[in-house]
Amino acid sequence: MSRRRGLTETDNYQQVVQSYVAAGGDEQVQQVITAVHRLSRRLNQSYDRQLADLDVSTGEWAVLAELARANGEALTPSRLAEAAGVAPSSMTHRLDGMVQRGLVTREGDPGNRTRVLVRLADPGWSLFTTSIQQANVVESDVLSALTPAQLRDLSGLLERLLANLDSLK
């Protein structure tokens with residue numbers, strides 16, 4: 001919900017930041033983190049609606065995305081479960097439905113008869129690309145408020161923050 005009690009998203013954001021500052025938070029830190037968090041939340045809401053329109057659950061999306069990143073390489077259900085943050089038994093159930101819908105294929109591993117390999121099927125790849133293209137429209141609209149130079153700067157700054165998170169582990 002973008003408006004609460006007649007406030008714009010910007011008004012609400014400013015109130016949230018001020019409440020964090022009043023509780024002892026650094027204003028600049030709170031401005032950045034609150035803005036990033038709200039942007040992420042709003043984009044995730046948009047993605048959830050988009051996936052629902054495509055009849056794909058977020059769990060199925062996690063499988064499609066992981067397989068798409070594998071560049072045609074088959075992955076084990078265990079690896080997919082780990083990437084999606086679910087139990088292997090949950091992944092088995094999820095994969096059953098995705099195989100029935102023709103989104104992925106399962107095959108025995110020729111090098112290990114006890115292991116199953118999962119691949120992205122052509123309809124799964126088509127669904128993945130459609131979803132990315134639809135999301136790109138929304139994302140481009142969000143970023144259209146920035147100039148190309150501002151986009152490069154923002155991208156560089158966010159990448160630095162991500163690298164810093166890695167170093168804090």
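In this predicted model, the axes of helix α4 (residues 77-84) and helix α5 (residues 88-100) come within 9 Å and cross at roughly 105°. Local features here need pLDDT of at least 70 and side-chain atom pairs pLDDT 80 or more, while totals for chains, interfaces and linings use all residues. Residues are numbered from 1 along each chain as its sequence is written, and side-chain values use heavy atoms, without hydrogens and water.

Two packed helices are described by the angle between their axes and the distance between the axes. The axes are lines fitted to C-alpha atoms over the stretch in contact, with angles from 0 to 180 degrees between N-to-C directions; helices are DSSP runs (H or I, at least four residues) numbered from the N terminus. α4 and α5 are therefore roughly perpendicular to each other, a term that covers 65 to 115 degrees. Pro77, Leu80, Ala81 and Ala84 of α4 meet Pro88, Met91, Arg94 and Leu95 of α5, where contact means heavy atoms within 4.5 Å. By class, these contact residues are seven nonpolar, no polar and one charged. Nonpolar here means Ala, Val, Leu, Ile, Met, Phe, Trp, Tyr, Cys and Pro; Asp, Glu, Lys and Arg are charged, and the others, Gly among them, are polar.

A pocket is an open set of points on a 1 Å grid over the protein atoms alone, where a 1.4 Å probe fits, with protein on both sides within 12 Å along at least five of seven lines; its lining residues have an atom within 4 Å of a point. The largest pocket holds about 1,200 Å³ of space, a volume being the space filled by probe spheres set on the points. Its lining has 31 residues, and Ala35, Val36, Leu39, Ser40 and Leu43 lie nearest the centre. At least two lining residues come from each of α1 (9-22), α2 (27-53), α6 (122-143) and α7 (148-167), and α2 gives the most, 13 residues. The lining comprises 20 nonpolar, six polar and five charged residues.

About 150 Å³ lies in the second largest pocket. Among the residues lining this pocket are Tyr47, Trp61, Ser131 and Glu139. Two or more of its lining residues come from each of α2, α3 (58-69) and α6.

The structure also holds two aromatic pairs, that is, rings of Phe, Tyr or Trp (its six-membered ring) with centres within 6.5 Å. One of them, Trp61 with Phe128, is stacked, at 5.2 Å centre to centre and 15° between the planes; stacked means planes under 30 degrees apart. Trp61 in helix α3 and Phe128 in helix α6 are 67 residues apart, so that the pair links distant parts of the chain.

Technical notes: Angles under 35 degrees count as roughly parallel, over 145 as roughly antiparallel, 65 to 115 as roughly perpendicular and the rest as oblique. Rings of Phe, Tyr and Trp (its six-membered ring) pair if their centres lie within 6.5 Å; planes under 30 degrees apart count as stacked, over 60 as edge-to-face and the rest as tilted.
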